[in-house]
Amino acid sequence: MSLSVRGITKSFGSFKALDRVSLDVPEGTLLALLGPSGSGKTTLLRIIAGLESADAGMITENGEDVTDLHARRRGVGFVFQHYALFRHMSVFENIAFGLRVRKEPEAAIRERVNELLHLVRLDGLGGRKPSQLSGGQRQRVALARALAIRPKMLLLDEPFGALDAKVRVELRQWLRRLHDEIGMTSIFVTHDQEEAFELADRVVVMNHGKIEQHGSPEEVFDRPATPFVIDFLGQVNVFHGRVEGGRAFWHGIPIDFPEYPHAQSREAKVYLRPHELDIDRPGIPGQETRSLPASVLRVTPGGAVTRVACRTAAGGEELYVDVPTDKARGLALLPGERVAITPRKARVFLPGPEYVI
Amino acid sequence: MTPESAISIPLDGIRLDNELSLDESLSGLPARRRRAEVLPGFGVSGAITGLVVTALVILPLAVLVLRAASLGPAGFVAAAWTPRARAAYAVSLGASVAAAAISSTLGLVVAWVLARINFPGRRLLDSLVDVPLALPTAVAGLVYSTLYVEKGWLGRYLVPLGFQGAYSRAGIVLVLVFVSLPFAVRVVQPVIESLDRDTEEAARILGASRLQTFFKVVLPAILPAVLTGFALALARSLGEYGSVVFISGNMPFKTEIAPVLIVSRLEEFAYAEATAIAVVLLLLSIGLLVVVNVLQQRVARAAQ
């Protein structure tokens, strides 16, 4: 089912949770709503589910207006963050609930529930109570319960938030494969960028009730649309620099920035991702025009990538450089040593209108 | 739309099924070790508990039983199993069970409103619920009988309609509901407040109506508390004397409850007979409460 959200606005008292949010979700997409807490992502999901009503705006499913349709009649599956299983019912009855209230025949219910127990790899556990299951198993019961009513769309609110790290990774790989098999339009909420990028076809980054960026994981990661997105997507080095004539300058090191062709110099923020910086020992010819001298503060080995904390000679700013561990071994850097840092790539954002005095 | 009917997702290398459930992982542990207590140990608190229970409950009950035993088996039956006494037990038990049933039903509604609905005056209503606990129950009995007699504010409308609220069994139930309602409300209210609202939303989104959601999801979760409230209301009603004595009219075989009969025996200085009736009332009450508690535990286990 395709979903379209148009100009959805929602306030709780004086707090504006969503501010004219519009979004299109094509049939079969697995979409992540990514953002910090308070960004409005869960509210948007609840409005799409019909659990919350919007103050303004419209929601259509396959072109049909469902804005005022109660959650009960939406026919969507919803998986709650803390599972929300019915504790007094067995696993079997939990999954059967949606079919029982629809008064489906007993034999059909039995068949469907066993099918789902198999799908979520809980064969033979139908007689257990939710309290006798692990967190990962409970989450799969919640998923089976949501799928039992053959929903048109699956909505998941922080589906892995309450699980420990190892189970979380396993379960999301499994969910991705499940989605590939079923092909149902699915939307999940998360604050974990790694989860969003690993699982989703499309990522929507939200902040303060607005969509900052909407695109494929590659688009969002490679071309962050706003400073917020690049900040949120992981540790990044931020510096004050200047732009003029199609180039940005970071302590005199030029970086191409064709978006600003004007001759007049202007202040800008330069974002340098740790893995897009090169580190070398000083003394390579021509280095001084494109590299910045710095000294090593700390070296933190971590698997494939070694993180080196440095302090720039000019300005004394601290920054991080991610070096492939093989190269780091070759360099054998020690704290206090002098190095040269070369940006391969940078993102430059001009100050927003709020900065203009 | 969802052709997943017979799909099985291969789980190569993913050990979803090997996660231990809580009790599985616990069962492998060595024998339970004694945990160090944070608060003063069992020695002191246990001694205080034993002393309090003995002095306040066991000792008076023992005296009661001993005094009744002085009648001998034949004398005991003659004193405690007269037609009038049997009628009094029946009125006591019947009115108390009816009152407890009404209190726990109404209490559920009141607790729901107080826990879930925010309206102006909610705090005031919340504190009014406790008033029957503080008010001398004799006052309640007097006020109720004034209201419900034929010429009373309510009685003048209700009596012609056939509802005798004063000097009747209905009157007894009425005051017993008054004195036992706070228990029924206060036991259920915190349980409703702590309910996981997600489960109600989950039920709705799965297609359940409001009624289905209440009866299939909410009620099973709060039923143990409702039954506890029933047991407390029942216990409170069985022992009530002050309010009933003013509203019931105390007609033997009709509206005389066992506690009132005990008092009238005492007024005749028939102390042993009074204790014999008290012992029977006590045994019946204990039996009834045991039944309710067993039921409550079963429901609680099912609701886990």
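Residues are numbered from 1 along each chain as its sequence is written, and chains are lettered from A and ligands numbered from 1 in the order in which they are written. Because the model is predicted, local features need pLDDT of at least 70 and side-chain atom pairs count only at pLDDT 80 or more, while totals for chains, interfaces and linings use all residues.

The predictor assigns the complex an ipTM of 0.82 and a pTM of 0.78. Two residues are in contact if their C-beta atoms, placed from the backbone, lie within 7 Å.

Chain A is divided into domain 1 (3–232) and domain 2 (237–355), with bounds from an automatic or database domain assignment. The centres of the two domains of chain A, taken over C-alpha atoms, are separated by 40 Å.

Helices are DSSP runs (H or I, at least four residues), numbered from the N terminus. Their axes are lines fitted to C-alpha atoms over the stretch in contact, with angles from 0 to 180 degrees between N-to-C directions. In chain A, helix α3 (residues 91–101) packs against helix α5 (residues 135–148) at about 25 degrees, with the axes 7 Å apart. The angle therefore makes α3(A) roughly parallel to α5(A) (under 35 degrees). Contact residues of α3(A) are Val91(A), Asn94(A), Ile95(A), Ala96(A), Phe97(A), Gly98(A) and Leu99(A); those of α5(A) are Val141(A), Ala144(A), Arg145(A) and Ala148(A). Eight of these residues are nonpolar, two polar and one charged (nonpolar: Ala, Val, Leu, Ile, Met, Phe, Trp, Tyr, Cys and Pro; charged: Asp, Glu, Lys and Arg; polar: the others, Gly among them).

In chain B, the axes of helix α4 (residues 83–116) and helix α14 (residues 271–303) come within 11 Å and cross at roughly 35 degrees. Ala85(B), Tyr89(B), Ser92(B) and Leu93(B) of α4(B) meet Ile277(B), Val280(B), Leu281(B) and Leu284(B) of α14(B). This contact has seven nonpolar residues, one polar and no charged.

Notes
Helix = DSSP H or I, 4+ residues; strand = E, 2+ residues; numbered from the N terminus. Parallel < 35°, antiparallel > 145°, perpendicular 65-115°, else oblique.
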